[in-house]
Amino acid sequence: MQPATAELPVAPRHSAMAEATAVDVAFLGQPAQPDAAAAWQAEIDLLRRAGWRVRHQARAARRPAPLDAAIVQIADPRLLRGLELASAETQLVIRHADPEDVRGLPALARRLGRRIAVAPAHALERLALKRHLPEAWLTLDDWPLLVPDEALHASADKRPGRPLAVGLLAPTAEGHLAPGRLAAALRARGVGPDAIKLRVVQDDAVTVADLAALDVLIGPPLATEADLPFLARRALLAGVALVLSDAWKPVLRASAAFWDWREIVDRLVELAQDPGLWQPLYLDIVDRTIERAGEESCLDRLRNGTLGPACPSAIPNAGSVAASGAVGTTCDLLILGDFRRREEATEQLVAQIAGHADAGQRVGLLQVSNGAPGASIHPGIEACIRQGRAVICAPGGHHKARAVQLVVPRLTIPAVERMRPAIEAARWHVIESEAKLPDYDPARLHAQLACLFGAQPLWHGTAPAARTALAAIVPTAAEAWPVPAAPGIGARWRARQRPVIGIVAYDPSDARQALEALAPGLVDRKRDCRVLLAGNRRTLALPAGLPAQVLAIDGTDMARFVDGLDLLVVPPDCVPERLPQRAVTEALARGLPVLASPGEALTLQSGPVHLPPEEWPDFIRRLRRPMAPPAAARPAVAEDLADRLGLQDGTGQPRSLPAVSNRVLFVTANGVGLGHITRLAAIARRLPKRFEPVFATMSQAASVLEQLGFATELLTTYAGKPARPWNAATRERMNAILDYHQPAALVLDASNPYQGVVEAAACRHGTRLVWVRRGMWRASQDNSEFLTRTPYFDLIIEPDDIAAQADVFRERPGFEATRVPPIGLLDEVEVLDRQAARRALGLPEAADGGSVLVQLGSGTTRDLNSLLGQVFEILQRFQGLEIVLAQWLNAPTEYQGRWPGVRLLSGYPIPRYYRAFDFTISAAGYNSFNDLLRFGLPTIFIANDAECMDDQGARARHAEAAGAAFEIDENDLGPLHDCIQAILQPAVRDYLDERARSLALPNGAAAAARAIARLLP
């Protein structure tokens, strides 16, 4: 047998418990019943043979040392009183205890702060225990007596003798099963004492030795003797086939054969006629017993942790959010649910938790697993935990609350029955958030809770229809459960330049119907439309020609979405179970108008404007952007919820949202060059003095940010990594950065607004989100998924481009943004003159044959070595020409000494030294292109046309068409010699300088900084 120690969930030892010896399983006490004691010792021997670390302590120690074990099995509950545990993850289980001895178990569990499970050995013991404990204290499955495999296999070799020895247990030997009557019935069928020998066995003195002379033992016809399971174990070890009535099946399940007592004579006659039938009869019992109570089943039971909660020890992304505080939690409100679910019920919890925390009520969250493993916690719930507004409760703890709330009952209550958490609470509330009662039996679930916890829960429906349906089945509150609104009201409207209409739908067909009704009022494109498909439904075919954006990202935050609207539209004639009630609540709480059809008035009441869909276009044509933010009047929903839960006062300190700092967090992508870093550094340098810029970057050139004086955090680059795990890891890292800095704004410069970054920031209502989105995307690139994340941002800044006329996406829907002139790090006065620049670079004062700067990028996306070799071969044909190569700080290759006669420039920022050169041969990236034309350095562009790049070719061609530069195809360098010959002439350079400056635009960095500052308080 292979050792299984590595498979046990052994928790790390606490430093304060260093004297405790860590074991896998500890056995405390000794069962009083001899058969139970024998099985107890058999388990201990089995685990030791299997290589597990086992400790057996039969009596209470005078001074017990801290016990460090994964599982502790206890035969005497009194040993719990002095128990000190070293690990918060230790699972405690009581076995073989007298039912009377478990009366004080809740008090002991409360003192230890832990769940203590009681494991019955069979159904009769379970019934006895339930007289003193709620069902939740008992393990889901019985813990049968271990029957060693070796003994069973040895007994299986037994051959019955002649005559067949049949024992009748004393309570059975009466009536038609009395030995005399049974023998007479067998003789009448031709079976005499030479074939079957009957004898009575006294049940109070049956040992394995007594049973050894038997082949079959017939037990009592009725389930009245609780000690019979121990007799069944003795019979198996003695090689005896135990026969019982069907009434015993729920008790023994496997360790006996079950015969109809009316046919017992027929079955004995069959055995007499063919004694070989005894073998399959006994072997069938053996096989079933080994499967359920054999050694491997015992080991598997311990490996799988079935003694404890059927739930992970923490919410799946435990690196971000883990159980806090003591193992057992005392709180005002304990909420049970699967906090990984992306649905309206979880969104409502986020707002509800905020209200309770503001009132100083302690909220505990107990994760109940009813979904696929591995999913991450809902971002809104995670934000509540990270902000200290709620705590995660350890599933193995003993929790006490003034009130318990269960959400999504059709899933949560069955999962709670499997998990069986230890909870004490005076009030239990079940919240049904569906507008129409789902297809399940509330009465059955109500009875399950009553059985598990001895509770009489009160049910609540969030919609009138659900409340009415529930009231006919289970105890139900008289009024519908109110839907709370989240904090952070009315903070985003200032960034919008024109009215925004929003649609929230739980079915794509509903969203499309709403869009079609609105279409006549949208086609003039003087207003935007955003569609949120809730419930993770991502597919929606937009009607042609509508300027609408579909938000499709996990963890959608309803409050942030509604904050960005001027009008919410409810899909027309939507069935009640698909009405976006949470969105309506959020909008009305913000003072925003809500437009709905008359058919929805019964459910949504009088808050929205109810008009027929044919009148909607005229209504939205009259819509104007508000000149002032709506009044931030939160409704008294939080107080109403507290009253319903019986939590009029709190036992903790009020926990409002943490105040944001004066920091602005700039987040940059990795990039193949330095464009992302340079643009954000340019903006950060020009922020008003009251803000402190900090950076988080994926770039290998992070050192340049530190050289510029910015505090910098590092992020893992996405290059070459699978998207899902990278986004999950990035979200964790961003959470830590945001927790520390508490920035007033997060400014992201990336072509892809990474899901991990957006999800980390989206539920932080105090942090504004800004996307700096460089244009000139290639026509062949499908960036539609990135644009679906546009509604998450409070402000989108698109830096202009001198070649913007060649941008094929500039006028397409989804690209609307606040445009500023091209963003550059340096202003004109910061560029060194020729003499100062040449001195700084260590170049001679004069270059009689001319001086050229070659800056063709980092070499990440094209074969730069080969291209540079060809360019230098052409340049070196010109006598006396000084050649300087700009090496990018994030370049993967070191060029020192590779090309004789070529100097290296490795500083930052390179534009500071442009005037040291007569001309440049350059790639046409955003920063290089716009800086070269703005500063008038004559240029020969060799664009990088890699598919993953922005459209550098379009930039270079635009500049050449305007007479401001030369453009050469990297696949055909033939014209390069002639271009160099021309550009070495002063008149040509003067002409290119003049044309470039005529195209150039001013630096937009200050304008971008002002736009961000206006967004912040």
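The following questions and answers concern a predicted model of one chain.

Biologist: How many helices and strands does the chain have?

Modeller: Of the 1017 residues in this predicted chain, 59% are buried. Among contacts with a separation of 6 or more, 75% join residues 24 or more positions apart. As for secondary structure, the chain has 34 helices and 35 strands.

Biologist: Is Thr-767 buried or exposed?

Modeller: Thr-767 lies in the loop between helix 26 (755-762) and strand 27 (768-772). Its relative accessibility is 3%. The cut-off for buried is under 20%, so Thr-767 counts as buried.

Biologist: Which backbone oxygen does the side chain of Thr-767 reach?

Modeller: Leaving aside neighbours within four places in sequence, the contacts of Thr-767 are Arg-560, Val-660, Pro-743, Ala-744, Ala-745, Leu-746 and Asp-794. The side chain of Thr-767 comes to 2.9 Å from a backbone oxygen, and that oxygen belongs to Pro-743.

Biologist: Is helix 1 parallel or oblique to helix 7?

Modeller: Helix 1 (residues 34-49) packs with helix 7 (residues 228-237) at about 60°, and their axes are 10 Å apart. Roughly parallel needs an angle under 35 degrees, and roughly perpendicular starts at 65. The angle therefore makes helix 1, relative to helix 7, oblique.

Biologist: How many charged residues has the contact of helix 1 with helix 7?

Modeller: Helix 1 passes helix 7 in a left-handed crossing. Helix 1 contributes Asp-35, Ala-36, Ala-38, Ala-39 and Ala-42, while helix 7 contributes Phe-230, Arg-233 and Arg-234. By class, the contact has 5 nonpolar residues, no polar ones, and charged residues numbering 3.

Technical notes:
Residues numbered from 1 in each chain as written. Predicted model: local features only at pLDDT ≥ 70, side-chain atom pairs only at ≥ 80, totals over all residues. Heavy atoms only, no water. Helix = DSSP H or I, 4+ residues; strand = E, 2+ residues; numbered from the N terminus. Buried < 20%, exposed > 50% of the residue type's maximum accessible area, 1.4 Å probe, protein only. Polar contact = N/O pair within 3.5 Å; in protein donor to acceptor, adjacent residues only side chain to side chain. Contact = heavy atoms within 4.5 Å. Axes fitted to C-alpha atoms, helices over the stretch in contact; angles between N-to-C directions. Parallel < 35°, antiparallel > 145°, perpendicular 65-115°, else oblique. Left-handed = near helix turned anticlockwise from the far one by under 90°. Nonpolar A, V, L, I, M, F, W, Y, C, P; charged D, E, K, R; others polar.
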